[in-house]
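Welcome! Take a look at it first, then read on.

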Amino acid sequence: MDSPSSRGTRPLSFLAAFLVALAGLVAIATPAHAADEVTHVGVFPPASSGTPTVDRSWALDIGPNGDLFVADGAAIRQFTPAGELVRSVDAREIGAVYGVEVTGDGTIYAAGGAGIAKFRADGTHVATFPSNWGPTTDLAVAPDGSIYVMAWGGREVRKLDAAGALVSQFSAAPGGSYGLALDRDGFLWVPDFGGHELRKYTQDGVPVATITESADGRRLSYPFKVDTTVNGDVALGEYGAAGFTVYAADGSVRASLVRAPGFSNVFGIAIDDDGRIFVSDQNNAPGIHQFSLGPVFAAFTPQITGSGRVGDELTVTASTTPEPASWTYAWTVAGSDEIRSTAATFTPIAADRGRTATVTVTAKGTDGEPADRRATATKAITGRLMEPSAFTITDSTPDSGPTRLDLLTVTVDEALLPRDAAGSVRWGRIANEECVVPEDAPDSRTYRVTNADAGATLCAVVSFAAAGHEDLTTTLSAASPARGSFVSAGVVMDDEWPVVGQTVEAVLAVEEEPAGTQIKAVQWGRYDRTADECVAIEGATERTYTVEVSDFATSLCLTATVGAPHYDDVTGTMIAGQVAAGVFPQAPTVTLGDWAQVGQESRADVSGGDPADADRAYQWSLDGEPIDGATQATYTPKGGDRGKSLSVTVTSTSRGYVADETTSNAVEVASGRLSVPEPAFSTDRPAVGTPVSLPLDLTDAPEGAAGHWQWGLWDDEAETCVATDGATTDTVTPTPDQLGEVLCAVVGVTAPGYGSLEATFVAETSVTRGTLPTIRAVLSSTTPKVGSTLTVALLAGALPAGTTTTVTWGQAVAGADCRPAKAAGAYRVTADTVGRTVCALVTVSAPGHTEFSTVLKTAVVKEAAKVAPSRKVVRGTDAFAVRAQGLAPGQRYRISIRHRMFTGTADSHGRVVRTVRYGKGLKSGKRTVIVRGFTGTKVTYTKRFTITYRAR
């Protein structure tokens, strides 16, 4: 169990020992009684209920309907007898719940660390009564609403009124107590925890009796909580005995259980008149167990099946445990004590209609064991039913839903009704799933559908009555919502005499137009008089249509569908008059150049216009007068035209359109002058070092015509071309100092007898960087040896003035990134380069040109493979060094001398320096030393040398 110290006071074990020392009351033995058998029913709630158990509960109580109420932390759980959870009542405002009391009307009282809480039967909070005496561990409620409370380990019983105010108190339980209960006779039972006694008091605190023993004279052991039944039984939970004792009303021991299996301490206890006992254990899980006293039939509720109608048989069933030896039945009908049937079945007669049948079911034991147990069930008796299927709605147009002018009829199948059945039929409309009938609706079996019903589901409320039968009221509904129909509806064109290019629109022409009427579908077409049909125009399905040239001289037609919500659609066709010619949607623009000169051809520039493929006719005029024969798109003024105003009128014609005449602007014919094609730059992106030309085409110029150029740089602010000295030919080469500037040229043409021409031309883009000639950089060697010097050579054509070349050198381990960092004209290959690659970043720069750069790399630098001794002559066991080079960095090697071998790995440059010596016992002579290198198990390096060996 949770020690009370966790609740803010001393441990119960210490408190018990202390209270035992104080106890001095005289023990009163209980009278002898034949004890009932205690049966362990199981854990509660049972596993079959699917509800989790409540562990470590402080208190239990059984409600008036047999439900079990369990203190669970700061809540009260309510369970049905079958173990189903009904509700959880939140009692957090009083902290942990230590005591529970449920009154006869279902009111719930909870005792806790911060006071007392009161709840209605549905769990609704009513009131809270704070305590000034510390935690409250138990309480009992008297019929007048008075509340008796026990504080934690208390020695007094406090009486509160129904509002929670303290009324009185009296001393009880000198050894301290944690529980109390009221019995059927109004006496208070108080367990004396430290005194090992159960004390009985009047509600005024007058001692009545003290019980000290359980069964067989056993002394009570730390009694903790107590509960009573209507039949006078008192159930006492014994904390020290891990069990409980049940006393009869006369104080005799009815049953006792000590050291119950699975229990360490008993806290909460509850008992009912059926002998059900519930016990909670604070220290073990699961914490609630159910026991029963002696054989008794479990409470049961009979179930009546059957309609309850006159003439229909009723059947009652019931079950309980243990299985009864037999069942008895007694059927009665309200208004009479006469038993109408003693069987499990009963059939009501017509005279029973409107009354209630009651059956009393008795479970009987063998020779009165268990005792008889009774329960009742009731069933209302009603009359026979008339058959609703006798009524149906029929439609005068059965192949479609109800529509305007249809006649709906309620037909009655007389064969399905009593002979005297009669009633009324009133029509309405379905709203919110109900048939709403107007108050003034007449009684009629027929109904004429109107447009006002469109969208509504029509219904009929049929009310019939017949003797000996329940009145029948049934609602019939039409198979589908009603639909309206247009009285007169159609679609017309807004103009019956359209012309080409006009946009015509389909508009409604509806009589008595319902809300939401709209044109649902449109199809424009051309009327075929021969076939007398409207031939659809593909894609012409919008409400508007723009008359096309192809419609010229035909008659347009329109087929459209009109609809409205809950109305049947109407489709019709109208035919318009013949399509006439329209005006040009857009007249063309006719312009002449800014000047006209004698001897120079002038051209009418015609642009735009719709239709664009219209035929064009030309008529040139001077001072507004037509020129005979001048009917082409061009005209060359003659000498007599000088000083006159020249214009041209263009007539555009196209099928389906009225001819359009457009006159150009007028220009004055000037004296003849030079005319040459406008020159163009040879490139649209001038670059430094690349020639740019602006040539003139004088092929058709008069004899003696000559061109003149003055190149320069464009001054955007002054909007002028600033001349460049000496740049007077048709070609110029941009220089580096012109980078970013915009080239320009003033070009003129002169010829004897003609006015000169002059214009300034400006390049579209500024001068950009030039491109260096193709350059190739090569290393003096790609497989350099240690000690060699690397250089870079450039292979290129002529480079611009001021060109500079920079070479930056670097090295890296083979396969790694080589990043040049040192600028120099040459690179010396040294021993530390072995096993690496050498790289060179070559950069070529020239003023006004894009820089050229490339990276060159050598192969991995390797050192020549060779071996040599530190001495040519070796004596005895003197040491000497073997030097080898040309191995791969880190390569494994082996040196063999006579019968001795020395192994290791080459350094990062592929070199080996190893001190070796010969063993003893050799003769003088020439000796061969072999150095081998291995890649895996394969020999990839072999070198040998000879030395002279002298024995000492």
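**Loop residues and overall form**

Tyr-222 is partly exposed, because its relative accessible area is 22%, and buried would mean under 20%. Keep in mind that this is a predicted model.

**Positive phi angles**
- Tyr-222 sits in the loop between strand S17 (207-211) and strand S18 (223-228), and its phi is near 50 degrees, a positive value in a residue other than glycine.
- Glu-433 also has a positive phi, near 65 degrees, and lies in the loop between strand S33 (422-431) and strand S34 (434-436).
- With 80% relative accessibility, Glu-433 counts as exposed.
- Most residues other than glycine have a negative phi, and most peptide bonds are trans.

**Cis peptide bonds**
- Thr-321 and Pro-322 are joined by a cis peptide bond with omega at about -5 degrees; Pro-322 belongs to the loop between strand S26 (314-317) and strand S27 (326-333).
- Another cis bond runs from Asp-610 to Pro-611, with omega near 10 degrees, and Pro-611 is in the loop between strand S48 (605-607) and strand S49 (615-622).

**The whole chain**
- The protein chain contains one helix and 75 strands.
- Its radius of gyration is 61 Å, well over the 30 Å that the globule rule gives for 952 residues, so the chain is more spread out than a compact globule.
- Along the principal axes, the C-alpha atoms fill a box of roughly 155 × 140 × 60 Å.
- Of the 952 residues in the protein chain, 41% are buried.

**Charges**
- The protein chain carries 79 positive and 106 negative side chains, with the centres of the two sets 29 Å apart.

Conventions: Residues numbered from 1 in each chain as written. Predicted model: local features only at pLDDT ≥ 70, side-chain atom pairs only at ≥ 80, totals over all residues. Heavy atoms only, no water. Helix = DSSP H or I, 4+ residues; strand = E, 2+ residues; numbered from the N terminus. Rg over C-alpha atoms; globule rule 2.2 N^0.38 Å. Buried < 20%, exposed > 50% of the residue type's maximum accessible area, 1.4 Å probe, protein only. Lys, Arg positive; Asp, Glu negative; His and termini not counted. Charge placed at Lys NZ, Arg CZ, Asp CG, Glu CD.
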